[in-house]
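Open the model in your viewer and keep the selection panel at hand. The stops below say what to select next and what is there.

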Amino acid sequence: MFVTILDIIISGLLLGGIYALIAVGLSLQYGVARVLNIAHGEFIMLGAFLTYTLFTGFKINPLISLVITGPAIFVVGFFLYRTLFARLRAVAPTVDAFEGNSMLACFGLLFIIQNVAILIWGAGIKGYSFWAEPVSLAGAKFAANRLITLFVALGICVAFYFFLSHTRLGKAIRASAQDPSTAGLMGVNINHVLALCFGLGSLMAGLGGTLISISYQIQPTMGLEYTVIALIVIVLGGLGSIPGSFIGGLVLGLVGSIVTYIDPGLSLVAYYVIFMLLLLAKPTGILGKS
Amino acid sequence: MKARNNLGRMLLALTITAVFLAGGAGLVSAADKDKIVIGQAISLSGPLAGGVAISGGKIYELWVEEVNKEGGIYVKEYGKKLPVELKRYDDKSDIGTMCNLLEKLIVEDKVDFIFPPWGTAWLFAAAPIANKYKYILIGGPGGALKLKDLSLPYFFQVLNFSETQAPALAKIFKEVGVKSAAVIYRADLHGIEYGNSMVPHLEKEGIKVKLNKSYPPGIKDLSPLLKEAKSLGVDAFVAACYPDGGMLMTSQSIELGINFNAFFMTVLPFSPPLFLGTFGQAAEGVMGGGAWNAKSGPGAKDLVDKFVAKFGEEPDYWGGLYYWASLQHFKQAIEKAGTLDQKKIRDIMATEKFDTALGPYWYDKDRYFVNHPGEIGQWQKRVFEVIDPGEKRTAPPEYPKPEWPKKQ
Amino acid sequence: MSRQISNTHKIVVPIILILVLALLAAAPLFAPRYTIILMISIFMYVIITVSWTMFSGPTGYVSLASAAFFGAGVYTSALFGLKLPLPVIVPLGGLAGFVLALLVGALTLRLKGAYFVMFTFGLVELLLNFLLWWEINITGTTGRVVPPVSNSAVYYTMLGIFVAVVGSSYLINRSRYGLAMRCIGEYEEAAAHTGINVALYKIITFALSAFFMGAAGAIMATRWTYIDPHIAFNPLISFLPVLMAIFGGIGHLVGPIIGATIFTYLEEVLITKFPYYYMLIFGIIMLLAITYLPEGVVGLFQNLYKRLTGEKNGAA
């Protein structure tokens with residue numbers, strides 16, 4: 001009995017860790033830069049495919065390739081913000097208009113990135129095998145690669161937390177999230193910070209993609225479902241709250257694991273029921289301010 | 001700023017206009033008949049594009065190329081060989097788009113023939129359309145018993161499915177001594193049909209089905225089902241799945257070290273690039289829906305060689321030979337008819353037997369292909385052997401399956 | 001604005017409308033067969049987009065539940081298609097959408113902004129997955145078959161729904177009801193204080209827009225023949241109308257119509273001419289449109305019009 005419970009909890013965390021990582025990324029982009037990036041999943045996909053190519057083509061260990069894919073996707077995100085979103089922000093009459101337009105722009109990006117990926121890697125499903133061996137934890141068995149993924153994901157989130165709370169740049173980001181204009185008055189280079197946030201969000205997506213590719217197969221169309229999960233999680237955790245997204249991701253993973261144990265057919269239904277019940281009961285989420 | 005805005009607007013207007021014009025300038029000039037155009041609305045993008053890429057899609061391309069190498073198909077009515085052109089539209093993995101595009105191919109582009117879309121539900125949608133316009137539709141990947149109910153004279157079912165595969169699998173299990181099994185299936189037409197078919201056949205052979213559950217298509221973690229099956233101590237693990245579920249199942253079994261004496265999945269093992277390519281040595285002993293290999297008929301090896309030469313990978317060992325042979329049958333029907341008239345060709349296809357790469361090929365009275373090269377395959381030393389009971393067998397089944405290799 | 005212009009306006013516009021309608025009604029008689037099929041697709045998106053704008057335009061509540069209401073209509077067809085005649089199924093599908101929207105509207109009364117968007121989005125997926133589970137575990141069916149209907153019948157039904165939804169939209173816009181909706185959109189609390197029954201108006205409009213979507217869904221089901229939950233509830237049907245409306249320009253009644261028409265036709269052309277690149281081209285056009293046409297296509301024409309006429313009369 002105990003083993004079963006442990007099994008469910010750890011299985012839930014394994015999935016939840018990845019959810020948390022990608023949700024934190026989206027939270028940065030939406031909570032701070034106010035861009036509802038529905039192309040978030042495409043950055044995840046890019047990270048996954050980059051890792052795949054590095055592993056199958058150059059024999060680079062996926063964990064090592066984290067230091068390549070992360071910065072690479074960061075650059076893409078940063079550049080996109082400086083060119084596209086900054087301009088949209090400048091011409092938009094209101095914040096709502098900017099949010100609407102940037103969402104549409106992300107839709108366009110979704111199409112472009114997916115098509116480019118199909119042109120480069122083909123539309124087929126790809127996968128590779130890495131550390132696919134069992135590890136025993138208190139009697140229950142888990143995959144080594146998924147455990148590693150969990151630790152790395154947690155590690156990144158913790159490192160990011162320290163970055164936010166203990167560095168000047170982190171403070172600038174938090175200030176911009178609370179009140180962009182006042183932050184600007186206080187000497188924060190808003191445009192730079194927002195672009196950085198967007199880039200960091202993309203970086204997390206890229207890293208998430210790398211970790212996902214270790215345990216799951218990938219295809220160019222994989223992005224959207226992760227975007228949806230990230231969206232659910234940031235609402236669950238509270239829009240704009242980064243720690244909330246982290247916890248929300250873990251919670252969602254756990255919920256999924258519990259429901260799957262009962263009836264796998266209901267696992268997706270459960271995600272959405274919880275999501276919607278929460279919206280009705282406490283829309284501001286677990287850690288959001290009421 | 002204003003100048004840049006205006007420039008941008010000009011650019012946008014120009015782009016849209018250009019695209020519109022390009023759209024309008026597609027006037028067909030079909031004066032003298034100099035080629036056969038075959039249309040296909042298929043998923044080149046979207047979630048199903050991956051499935052198309054590993055099964056079906058490429059065989060049609062290969063056939064067109066091979067036919068054209070000989071100069072085309074000889075049609076007596078025109079007194080010459082007509083080369084074949086494959087005209088494809090991307091349905092974006094959306095069935096509504098596929099329906100529209102199929103009608104567009106038939107009604108506007110006026111193609112001579114059509115090739116099928118991918119997947120059972122899609123055949124369901126495409127077959128009535130083809131039938132409405134009296135266009136022959138040779139089935140490709142996919143198939144179900146229910147299609148017989150629709151009673152469409154222009155539809156030909158090519159691929160085998162649960163009706164013949166389930167009893168074959170059950171007999172194989174009986175032969176090797178399987179006593180109990182776990183059956184899991186994807187929550188869609190494919191999964192449900194197989195699930196509902198396999199359970200009774202297994203039980204008929206005296207095999208106890210200890211687990212019978214479905215899983216939703218988007219699921220990310222199948223380990224609970226695997227662990228549950230393991231804890232029930234079943235000999236055989238049977239799954240009706242699509243490539244995504246199959247990949248997940250296999251990789252999770254490996255990484256959790258969960259072994260069964262027999263491991264069967266309907267869709268996935270047949271794909272050398274995806275299955276063999278990803279799992280390598282671990283594929284040994286895995287059973288899958290199928291099936292054929294280079295030994296399965298007079299022209300089978302030839303197909304494998306040609307496919308490898310063109311695509312650099314081996315063909316799909318379930319449908320590959322089926323589609324190939326169906327196309328060879330089709331070509332001979334056209335040649336015998338001497339015309340491109342679909343009714344005449346259809347009548348010949350429905351009644352005549354022709355020699356093909358897998359041997360004699362014909363359709364039964366419901367227009368279902370019956371001379372299957374094999375139902376169940378198993379990877380043995382990198383060859384997808386046909387392990388059916390009976391004369392189609394190319395190698396005896398390997399049982400129990402070796403344990404998943406430890407180090408990947 | 002001289003009175004001369006508005007008078008000619010009153011005569012010319014109705015005449016043009018009647019001519020266009022006559023043309024559309026007669027189309028199946030002379031137009032190429034595929035054009036009719038394409039028109040059906042365009043009608044579908046126009047209907048959904050105009051319906052969506054009916055609610056989300058004035059109130060500013062972005063609904064992503066369109067696919068749920070459309071899907072309700074599709075599923076109605078799937079459930080009763082073999083038992084009831086077409087003229088009954090279509091309104092029944094509309095009714096299904098209407099009732100569903102009433103329920104959803106009542107539930108989401110207090111949700112604002114992004115939360116409303118998320119909820120409506122979740123609704124589609126919830127219905128999809130729930131019905132999937134239901135079909136497998138409770139009714140044991142594997143998809144349903146809808147009897148096909150002639151293309152002309154589908155075309156005329158869609159034309160009818162199109163006229164109904166555009167007509168309703170126009171009438172609402174011009175009435176006090178429409179004024180009330182715009183008030184709600186501007187400042188909901190103030191609107192409530194002026195005596196507008198905000199909850200009632202929101203729910204009724206939401207449900208009305210869902211009626212048209214459901215009716216469209218019911219008839220479109222006959223084109224796809226085979227229906228399962230994935231086919232009926234397609235999230236894209238929620239997203240695309242939003243894009244089309246914004247692309248066309250939300251402020252004006254014609255905006256969603258133009259947006260949906262251009263979008264659908266553009267997609268059609270791109271898919272058939274550039275099957276391997278169409279997503280790329282489409283995405284680029286979207287980006288360009290967002291960047292340089294923030295007020296949509298209608299906004300572009302309005303600006304052009306102002307430039308041509310306004311500058312002569314002084315500041316625009």
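**Stop 1: chain C against chain B**

Select chains C and B: 33 residues of chain C are in contact with 36 residues of chain B. Contact here means that the C-beta atoms of two residues, placed from the backbone, lie within 7 Å. This is a predicted model, in which local features need pLDDT of at least 70, side-chain atom pairs count only at pLDDT 80 or more, and totals for chains, interfaces and linings use all residues. Residues are numbered from 1 along each chain as its sequence is written, while chains are lettered from A and ligands numbered from 1 in the order in which they are written.

Stay on the chain C side. Helix H2 (33–59), H5, helix H9 (198–224), helix H12 (254–273) and H13 of chain C each supply at least two residues there. Helices (H or I, at least four residues) and strands (E, at least two) are DSSP runs, numbered from the N terminus. Highlight H13(C): the largest share of this side, 7 residues, comes from that helix. Colour by class next. The side of chain C that touches chain B has 22 nonpolar, 7 polar and 4 charged residues. Ala, Val, Leu, Ile, Met, Phe, Trp, Tyr, Cys and Pro count as nonpolar, Asp, Glu, Lys and Arg as charged, and the others, Gly among them, as polar.

**Stop 2: chain C against chain A**

Now 27 residues of chain C are in contact with 29 residues of chain A. On the chain C side, helix H5 (113–137), helix H11 (236–248) and helix H13 (278–292) each supply at least two residues. Which helix gives the most to this side? H5(C) does, with 12 residues. By class, the side of chain C that touches chain A has 21 nonpolar, 5 polar and 1 charged residues.

**Stop 3: the two domains of chain C**

In chain C, 4 residues of domain 1 are in contact with 5 residues of domain 2. The domain 1 side of that contact has 4 nonpolar, no polar and no charged residues.

**Stop 4: the two domains of chain B**

Move to chain B. Select 36–157 + 299–361 for domain 1 and 162–291 + 374–386 for domain 2. Their C-alpha centres lie 29 Å apart. Between them, 13 residues of domain 1 of chain B are in contact with 16 residues of domain 2 of chain B. On the domain 1 side, helix H2 (49–54) and helix H5 (120–132) of chain B give two or more residues. H2(B) supplies the largest share, 3 residues. By class, this side divides into 6 nonpolar, 4 polar and 3 charged.

**Stop 5: a sheet in chain B**

Find the open sheet of 7 strands in chain B. Its order is E9-E8-E10-E11-E12-E15-E16, with mixed pairing. Two strands pair if DSSP finds at least two bridges between them. Strand E9 (208–215) and strand E16 (383–386) of chain B stand at the edges, each with a single partner strand, so one side of each is left without a neighbour in the sheet. The twist averages 20° from one strand to the next.

Strand E15 (residues 376–380) of chain B runs antiparallel to E16(B), joined by 4 bridges. Gln378(B) has Glu385(B) in E16(B) as its bridge partner.

Axes are lines fitted to C-alpha atoms, for helices over the stretch in contact, and angles run from 0 to 180 degrees between N-to-C directions.

**Stop 6: a hairpin in chain A**

Finish in chain A. Strand E1 (residues 134–137) and strand E2 (residues 140–143) of chain A run antiparallel, joined by 4 bridges. Val135(A) has Phe142(A) in E2(A) as its bridge partner. The hairpin has 2 residues between the strands, and Ala138(A) takes a positive phi near 55°.

Methods: Domain bounds come from an automatic or database domain assignment.
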